[in-house]
Amino acid sequence: MARSYDPSFPARMPTGTIQPQQFNTWLVQDYLFVIDFTRFLARILAIAPPHNFDILLAGLSALKDELNWFQTKAAERQLQLNTDKQPTCIEYCDYMQSLSATPYAAQATALWRSN
């Protein structure tokens, strides 16, 4: 990957001023994030009360579609998804992992705030 995360990236997406390499970096790093986010959601599901299963399972299903999209786009662009996370991605993933020691309510709150 060429660069670490550029905080102005999301604001520039609609303007069409993103270079192909920047998009490629985002695509790969976001894929790696969504892998860990899927695991985060699965950990929450493991401790959730059954009346919350429907919404959490729907989220997992949506993540499956998102992961498939990333894989398709990466293949089209000949990108390697099996790569190292950049520092910003590591920070987000480490944060999600750190929540596993907190009660369900705290994890569910973090989940809803991330969407």
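Contact is taken here to mean heavy atoms within 4.5 Å, and the points below concern a predicted model.

1. Alanine 110 is a residue of helix 5, and its relative accessible area of 14% makes it buried. If neighbours within four places in sequence are left aside, alanine 110 is in contact with Phe40, Tyr95 and Leu99. The C-alpha of alanine 110 is also 8.4 Å from that of methionine 96, a residue 14 places away in sequence.

2. The largest nonpolar core comprises 27 residues, and those with the most contacts inside it are Tyr31, Phe37, Phe40, Ile44, Leu56, Tyr104 and Leu111. Two or more residues of this core come from each of helix 2 (20-47), helix 3 (53-76), helix 4 (87-98) and helix 5 (104-114); of these, helix 2 gives the most, with eleven residues. As general background, nonpolar side chains tend to be buried together in soluble globular proteins.

3. Leucine 56 deserves a separate look, as a residue of helix 3 that is buried and that is listed among those with the most contacts inside the core. With neighbours within four places in sequence left aside, leucine 56 is in contact with Leu41, Ile44, Leu45, Ala48, Tyr104, Leu111 and Trp112. Three of the residues named there, Ile44, Tyr104 and Leu111, are likewise listed among those with the most contacts inside the core.

4. Helix 3 itself has 24 residues, and the distance from its first C-alpha to its last is 35 Å, which is close to the 34 Å expected at 1.5 Å a residue. Along this helix, the buried residues include Leu63, Leu67, Phe70 and Ala74 as well as Leu56. Just after helix 3, the backbone at glutamine 78 adopts a positive phi of about 55°.

5. On the cysteines, a search of the whole structure finds zero disulfides. Cysteine 89 is in no disulfide, and the cysteine sulfur nearest to its own, that of cysteine 93, is 4.0 Å away.

Methods:
Residues are numbered from 1 along each chain as its sequence is written. This is a predicted model: local features need pLDDT of at least 70, side-chain atom pairs count only at pLDDT 80 or more; totals for chains, interfaces and linings use all residues. Side-chain values use heavy atoms; hydrogens and water are left out. A disulfide is a pair of cysteine sulfur atoms within 2.5 Å. A nonpolar core is a set of buried Ala, Val, Leu, Ile, Met, Phe, Trp, Tyr and Cys residues joined through side-chain atoms within 4.5 Å. Buried means under 20% relative accessible area, exposed over 50%, partly exposed in between (1.4 Å probe, protein chains only). Helices (H or I, at least four residues) and strands (E, at least two) are DSSP runs, numbered from the N terminus. The expected span of a helix is 1.5 Å times one less than its number of residues.
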